[in-house]
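Biologist: Hi! Could you walk me through the charged pairs in this one?
Modeller: Happy to, here it is.

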Amino acid sequence: MKKRIIYSLLIIFLLMTTVVQSLGAVLATSSTQDGDDSVKTSKIIDSTKAITQVSGSSQLRSGSQSIVQSSSEQQTSKKSESKKSSEKKASSKKQVKSVLIQPRAITETDPYTYPDFSKTLSSQQGVITVNYDASGNAHTSIVDASGTLKPDDSYNEIPYPNNAFPSFIPGVSTETDYGQTKSSKDFINGNGLDGDKDYIYYTKVMAFRDGNGKQHWIDIKQKFVGLEKHGWYNDWPQWKTQGYSDPNGTTLDTTYITNWGFNFGRGTNKGNQNRQDMLGINGSFQAPGGFRTTKIKSSAGGILDKDPKAYLQYRQLATVKLEFYDNETKKPISISGFLTVADLDHRDFLQFSKDSNIQGVYVTNNQVTKSTLKGTFGPGMDPSTVIVNNIGNNEYTDRNGGSANNGDEWGDSNEVINPDNTDAWATVTFSKTQSIQYAVSDWQRLDFLASALVPVAFSAPGKSGDGDEWNKDWDDNNVNYNVVATLPYRGSTIKNPQHGTAESGTISTFHPTEKFELTDPINKNLKVDKVTIMQDGVTDVTANFDIDTTGNKVTAKAKADFLGKEDNYAKTYNMKIETSVAADADLGSLPTVTATDDKGVKHTYAKIANTAHLDVVKTAGAKAEGWDSNEAFGHVKVPDPVREVQDMKQEIKNYDTAGEDWQPIVDDASTTTGHVGDKVGYRFSFKAKDSNTASITDASINAISVNAGISVPTNVKVTVGSTTTDGTVVEGSTANTYSIKIDTPIKKGEAVTVMFERTLNKSGLYMQLGFLKSDSLTAKPDGHDLVPDGYLFNTAVITASVANNTATIQQFIRNPATALPGQAWNGPGFGDGKAETTGKPGDYVIYRFDITLPTDSTSGKYTNDAALVNAAIQDITMNVPDDLALVSLEGYPDKQIQINYGGTIIRSAVSDTLATLKGIALKSPLDVDKKVMVQYRVLIKDNAKTQDITNDANFYADNLTGDLTDKTVANYQHKTKANQSKLKIRNKKEVKLEQTLKNMTYDNGRYINIH
């Protein structure tokens, strides 16, 4: 009967990690040996006992499995009427299902023979046999050297890295057709078939995680390599050359010449039940009559019945090669994975080249008689892996338990094979290969499934954005991310492979997954608009997931009832996240890429990275597992940036000029004056326009003038908006200039100031230039032209002169207890001029500072250029302040200082201790008072030690022309030093000893008290 079309190609994309090698050349068939019709049997296996005896010895472990091979034993078929007759008889009730053999080649000396279907796959080495217990759990066995199946459950799940398989995902994958594959009828003619020209290139149809944990999208190039010619496909053109013709006109020409070819599936057929999906092959020979007796007409007009050379040998291989490429690098990549072929019935077979690196073949334990036929294993004899099925070879048991022809070798409605019968399945794993080459011989349709004979492990999701190369999606204001995860095959309701002599009932091998949850944090510059989940890229199943987008983190968790339905497994789930640019997005802060559109125009695009995650609990009670996806990118066209500034100006200010503010700009200059030693401030400022669409990140104040009479800029402060940072002075773009980089990105509307200080070292006129350097500005500021150093600010000018603001400071000291008669003070103008005195504990000592301003000797007028500003006694430093106590002057409140301004006395409160008495502020301005006198008093403490206590101080004013040379002193340019005072203390013991000695005389070697 006509073979059923069981599944549309469900090669759904299982996101896994694997590694692959390149396939070999076109599948070669080897010459074989004639064999007899005898049947060898193996040890009888009780499947129920095998299940309970699961222990664990294995001759075929992953990573060390041999390529599955087979014997070259064949049966020779002779074209004779007797054979035709025997072909119509039911030869036995033995039912032999999957077979692993090598077909015989056709040669001129060795008649073509169809494969020997009498070698059962499940009893051969290199094959993993699957049984199911009463709870539907898969158990696996492998054969030992004697052909006996041994339980080994280490194979009862297809693990990483073999859990990857190809699948076309609408909206994610792409298909590009070349050569004959452009046919709208999905048909390829065998004439001139060339895999380098006739191929389909698929992008993102497979994903895997490599050994380093990196997730890859895989592209597949499906190359159609060739098609054999057998039967009337080969013979009819030869008969025609001998003058024979078709008695029915052109039927034979159409069938065996014009239609010598096969149909193929496409990824873009996904979801179309009437057309074959990706990788499928349909009809490697279009008509079974190609291998049967056919009427032809001789040149004499006679009608003859002729048999083809390959009489009843239904074999015509269509060869396909799959090459694997990394989608990111476009280079070949080694992966691992699996394929499940369905509907391998009747005389179908599937052959893989040896260099496809086939790792394992899974089949069912299909014992249906008291004996199981056994094949042989010959590594040196078999160059390839071949899978066939014996159903339809006139040796099978139908649904009624009978053995009959059932309507010729193709069976009828009572046949055993049907879409959900696992005896028609074979699961093949491959390892570390860059390509797979296989050949299919099938009258009608052969499909590949996402299902398997055992459960398939979970793996990492695949992530994609809007493409790695420019396309129209880059030019909108939206980004769509796709997260593709597979809910892999975890069992199903199937026909029971242990069905005895007749097919009976079903068995469920399904075990639902406890948790299947996708998470995807979306960049803050995007707004999540919509989340949709598509099953196999076709069916919207969003309602079956609990979806949350709080905090821009998308979470999609499959509901329990959805996970409880086996129809939802062996399918891909594409979570499409639709986003748009957020209202407050700062695209300028994101990495960018430049691309050329379809009109040849270059644009800048923000490149927004994204990575998703899958969390799984594969069965109730299992531990949680999780995987990250690969990184994908979305792109948003950044409008041609607008970066403009306004209000550029440079201002100057003399900090040492009392009350001076930043000077206005007059005639394109900000101008001030000062004296040598003055500290001068400079301020550059501008504003980013409110209409800017991108931040300014390359701005600097460049080519600042170097002047020998002014110091290097110091105390640099850069303020952008509300953010102030310390700036760094570097060499400018022009030699002998300075530059200050603005590191903070300048957003639209933000004001910028760059401030620093310079000190006047010499008299003269100093003009400071400065430029705004920013290559990213899209328009020149109004009134400013671009020159190599940037856009010129207005100038800042200062005229510096040698100042004539002087003063003197003198220090005096007095201890009333030890003062000499007629000498009130010790210091300049008194005695030896030294400010020194002695004291003992309990004495009160007075300190005095005199500040004298210069006056004309004749007129007595003040001769400084200006009044002194912010005058003060500073840097008061006493070497041992703790032995003295600050006390009030006699008749004054505690700890007050007397300041006498030319006869006007005021009192000033001071610090509690001498240690904290560091300065005494004076009135400002200070000019009419030609002399200022400052006094304070201390008490020598009782515990004071014998020592010299010194006291130093400086006089300061903002505009004082100082004479201090110690540059370590702050503002030394505006200070003059006082003379040092010294208090010589003797402690109580020394004073007592001295008094005692005064009351005694020395007589004859000893002291005598004279009182």
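Modeller: First the term: a salt bridge is a side-chain nitrogen of Lys or Arg within 4 Å of a carboxyl oxygen of Asp or Glu. This is a predicted model, where local features need pLDDT of at least 70 and side-chain atom pairs count only at pLDDT 80 or more, while totals for chains, interfaces and linings use all residues. Residues are numbered from 1 along each chain as its sequence is written, and side-chain values use heavy atoms, with hydrogens and water left out.
Biologist: Is Asp219 buried or exposed?
Modeller: Asp219 is buried, at 0% relative accessibility, while Lys330 is partly exposed at 42%. Buried means under 20% relative accessible area, exposed over 50%, and partly exposed in between (1.4 Å probe, protein chains only).
Biologist: Switching topic, what about Lys977?
Modeller: Lys977 pairs with Asp952 at 4.0 Å, N to O. Lys977 is in strand E63 (residues 975-977) and Asp952 in strand E62 (residues 947-956), so this bridge links parts 25 residues apart in sequence.
Biologist: Which residues are linked in a network of salt bridges?
Modeller: Glu175, Asp177, Asp186, Arg266 and Arg275 are.

Key:
Helix = DSSP H or I, 4+ residues; strand = E, 2+ residues; numbered from the N terminus.
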